[in-house]
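My plan is to look things up one at a time and write down what I find.

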Amino acid sequence: MEWNEFFLALGQTVAMTLIAAVLAYLVGLPLGVLLYTTGKKGLHPNRVVNFIVGLLVNILRSIPCLLLIIILIPLNRGVFGRATGEWYTMIIPLFFASFAYVGRVVETSLNEVDQGVVEAARSMGASSMQIIVKVLLTEARPSLLLGVALSTISILGYTAFAYDFGAGGLIARAYSIYSSHPINYLSRPDIWVILALIVVVVQVIQEVGLLLSKKTDKRRIAK
Amino acid sequence: MAEIEIRHLSKSFGEKKVLDDVSLSVEKGDVFGVLGLSGAGKSTLVRCINGLARPDEGEIYYQGELLCSAKKPIEKQKRARIAMIFQQFNLLEQRDALGNVELALELNKVKGKKVRKEKALACLKRVGLEEQAHQYPSQLSGGQKQRVAIARALALEPEVILSDEATSALDPETTQSILALLKSLNKEYGITIVMISHQLGVIESICNKVAILDHAHLVEQGGLSDVFLNPKTEIARSLIYANNVHTELNEHHFIRLLFDGNADEPLIANIVQQCSILISLVYASTKVIDGKVYGQTVIKRPKDPAEREKLAKYLTLHNVKFEEVKSLGME
């Protein structure tokens with residue numbers, strides 16, 4: 001077993017996942033706020049805007065990740081000078097595959113915020129921007145943090161497609177083990193090491209998200 | 001000049017008219033009660049006053065100036081003059097008591113973190129919660145939460161506090177302490193309070209004026225003792241008198257005796273002794289309004305016309321208001 005290679009692959013997987021997740025939230029968070037704000041319960045209900053944005057989000061979400069990667073080849077080439085073959089060429093496809101999803105996750109979290117506090121803020125003369133920043137995002141924080149963990153794990157799942165484009169990462173590595181040892185790959189320890197590493201990474205993301213959410217949730221403080 | 005004057009306010013939600021040509025006037029320093037059953041339009045009325053709802057027709061004037069109307073939305077500065085407290089308290093769960101009060105100041109761009117903190121602490125102290133400043137809503141009782149909400153309302157030094165069923169989620173004891181707090185703020189700072197409730201007891205314990213809303217219409221309005229002692233409409237009677245009366249005695253006729261605060265003598269006993277009429281008591285209730293005892297007693301109407309006449313004479317002689325009623329107002 002080549003531990004260095006494992007850790008390199010692990011690093012690639014984590015790097016492409018995290019960078020894509022950060023980018024996805026940079027766009028997905030405002031997108032979720034827009035979906036919420038223009039939605040039925042929102043601060044400025046607007047059926048037309050909500051319908052159009054919602055439709056675009058749904059269309060984007062319904063494109064399979066692999067297809068998205070293929071379509072984004074020219075964009076990748078324009079940005080990185082190459083379409084495939086390096087771990088970072090996965091960032092843009094992963095971002096496109098996930099920001100719409102993140103938007104929906106954020107929207108769901110905001111929808112959980114009690115309308116009463118929004119109303120109270122409004123009665124105190126708050127502007128919409130103040131309500132979003134000081135009320136909605138604050139009150140939804142525990143739920144938003146759980147959403148981050150959920151979204152990141154789903155992005156991690158998409159990194160599997162890196163195999164198809166020689167972009168590296170742990171999951172791709174597992175497939176290459178299979179293709180070079182198709183008969184007895186399951187009896188090889190390295191495939192199980194990969195499996196264990198992935199499980200650990202997913203668990204860490206999940207637990208960190210859960211822990212942050214719980215730690216910062218003031219509703220959980222005992223009397 | 002009225003503190004708040006509502007002129008011909010109407011509002012519908014879709015087909016349903018929730019306010020129909022409502023006009024009322026609240027003077028500075030009033031504790032103005034709006035009484036009505038759920039769905040009568042009380043909440044919408046008070047929400048219109050601070051812009052949470054926009055009327056379809058009519059205007060609201062504040063200290064003589066147009067506050068808002070169907071065409072004109074409320075201005076931010078004026079909104080801060082009119083604070084609001086809610087049935088469900090509506091505190092931020094993720095901020096502690098102090099943070100919740102500071103929010104009101106932050107939203108209105110009060111400069112300086114220290115200034116905000118000191119102001120917020122003073123408000124918490126005023127409502128008796130300075131020791132709970134760093135507790136979160138999940139750690140506070142219902143009454144404490146409402147106190148934080150009141151402190152939050154006070155932070156902007158409002159001239160009016162609107163209370164939307166602020167005590168309806170609280171137990172009777174806590175309700176009384178919150179009402180006492182509101183009353184003291186009214187007395188101390190001259191804050192005008194508009195108080196919505198479906199609970200008669202809440203209105204009569206602190207309000208000096210009352211309006212009764214029924215199915216989008218304002219049916220009665222006036223001084224508390226006037227309206228409560230002499231309700232003119234059926235709905236007002238049923239709200240005021242029929243409280244707690246469950247009766248199947250509708251085949252009988254009744255006489256309602258009204259006491260106006262001067263009745264010191266044992267009237268019923270006197271009637272029995274001096275008129276030799278055996279009185280059958282059906283319902284009795286007394287209330288303390290503005291420090292005077294008011295009340296009503298409902299008795300069965302005597303069957304004998306001679307006795308009836310004698311009773312009427314006796315009551316007239318002793319300045320006791322009375323009226324014949326066919327039921328107790330419970331339709």
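What pattern does chain A follow, read along the sequence? I read α-α-α-α-α-α-α-α-α-α. I count 10 helices and zero strands in chain A. Helices here are DSSP runs of H or I with at least four residues, strands are runs of E with at least two, and both are numbered from the N terminus.

**Ground rules.** I note that this is a predicted model, where local features need pLDDT of at least 70, side-chain atom pairs count only at pLDDT 80 or more, and totals for chains, interfaces and linings use all residues. Residues are numbered from 1 along each chain as its sequence is written, while chains are lettered from A and ligands numbered from 1 in the order in which they are written.

**Entry 1: chain A overall.** I looked up the extent of the C-alpha trace of chain A, which spans about 70 × 50 × 25 Å along its principal axes. Buried residues make up 39% of the 223 residues in chain A. I call a residue buried if 20 or more other C-beta atoms lie within 10 Å of its own, exposed if 12 or fewer, and partly exposed in between, with C-beta atoms placed from the backbone. Next I checked contacts (C-beta atoms, placed from the backbone, within 7 Å). Of the contacts in chain A with a separation of 6 or more, 74% join residues 24 or more positions apart.

**Entry 2: a proline.** I found P30(A) in helix α1 (residues 3–38) of chain A. Is P30(A) buried or partly exposed? It has 15 other C-beta atoms within 10 Å, so P30(A) is partly exposed. P182(A) is 152 residues from P30(A) along the chain, and their C-alpha atoms are separated by 46 Å.

**Entry 3: a helix pair.** I turned to helix α9 (residues 170–180) and helix α10 (residues 189–216) of chain A. They pack at an angle of about 160 degrees, and their axes are 10 Å apart. Axes are lines fitted to C-alpha atoms, for helices over the stretch in contact, and angles run from 0 to 180 degrees between N-to-C directions. α9(A) and α10(A) are therefore roughly antiparallel. The cut-offs are under 35 degrees for roughly parallel, over 145 for roughly antiparallel, 65 to 115 for roughly perpendicular, and oblique for the rest. On the α9(A) side, the contact includes L170(A) and I177(A). On the α10(A) side, it includes I191(A) and L197(A).

**Entry 4: where the chains meet.** I see 20 residues of chain B in contact with 20 residues of chain A. Which element gives the most to the side of chain B that touches chain A? It is α3(B), with four residues.

**Entry 5: α3(B).** 10 of the 11 residues of α3(B) are buried. V101(B) is one of them. The buried residues pack against α6 (115–123) and α7 (128–139) of chain A, together with α4 (113–126) and α5 (142–154) of chain B. Just after α3(B), K109(B) takes a positive phi of about 55 degrees.

**Entry 6: the core.** A nonpolar core is a set of buried Ala, Val, Leu, Ile, Met, Phe, Trp, Tyr and Cys residues joined through C-beta atoms within 7 Å. The largest one has 147 residues, and V101(B), A151(B) and V194(B) touch the most other members. Helix α5 (residues 91–111) of chain A gives the most to this core, with 13 residues. Domain 1 (4–237) and domain 2 (243–325) of chain B both give residues, so the core lies between them. Those bounds come from an automatic or database domain assignment.

Methods
Contact = placed C-beta atoms within 7 Å.
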